[in-house]
Amino acid sequence: MEAVVFVFSLLDCCALIFLSVYFIITLSDLECDYINARSCCSKLNKWVIPELVGHTIVTVLMLISLHWFIFLLNLPVATWNTYRGSRCAC
């Protein structure tokens, strides 16, 4: 069970890193005026909730599998993502 949790966590972290790179590339395109602000927001807003879900799943899995140190490392980022997601839903 522990190996499955860490393999899923690794795959999920890879997906989250890919999303972060996508966000940076899209924002750099906005900065260089290759795209306008409206299209940048529409591209990025659809990935906020999947990012929130992915990070929350990893954090909850670490809590359930009793890996306290990794859970405590993920908790501030998960809290920030939850705050950001709740702020965007308004």
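Predicted model: local features only at pLDDT ≥ 70, side-chain atom pairs only at ≥ 80, totals over all residues.

User: What makes up the protein, and in what order?

Analyst: The protein has 4 helices and 0 strands, so the elements read α-α-α-α from the N terminus on. The C-alpha trace spans about 45 × 25 × 15 Å along its principal axes.

User: Why are α1 and α2 called roughly antiparallel?

Analyst: It comes down to the angle. Helix α1 (residues 2-31) packs against helix α2 (residues 37-45) at about 175°, and their axes are 10 Å apart. Angles over 145 degrees count as roughly antiparallel, so that is the label α1 and α2 get.

User: Which residues meet where α1 and α2 touch?

Analyst: From α1 you have Tyr22, Phe23, Thr26, Leu27 and Leu30, and they meet Ala37, Cys40, Lys43 and Leu44 of α2. Sorted by type, that contact holds 7 nonpolar residues, 1 polar and 1 charged. Lys counts as charged, so Lys43 is the charged one.

User: What makes Phe8, Ile49, Val53 and Ile57 a patch on the surface?

Analyst: Residues in a patch need over 30% relative accessible area, and nonpolar side chains are joined within 5 Å. These four form such a nonpolar patch, with about 320 Å² of accessible area together.

User: Which helix gives the most to the nonpolar patch?

Analyst: That's helix α3 (residues 48-64), with 3 residues. Isoleucine 57 lies in α3.

Note on methods. Residues numbered from 1 in each chain as written. Heavy atoms only, no water. Axes fitted to C-alpha atoms, helices over the stretch in contact; angles between N-to-C directions. Helix = DSSP H or I, 4+ residues; strand = E, 2+ residues; numbered from the N terminus. Parallel < 35°, antiparallel > 145°, perpendicular 65-115°, else oblique. Contact = heavy atoms within 4.5 Å. Patch = residues over 30% accessible without salt bridge, like charges linked within 9 Å, V, L, I, M, F, W, Y side chains within 5 Å. Areas by Shrake-Rupley, 256 points an atom, 1.4 Å probe, with all protein chains shown as cover. Salt bridge = Lys/Arg side-chain N within 4 Å of Asp/Glu carboxyl O.
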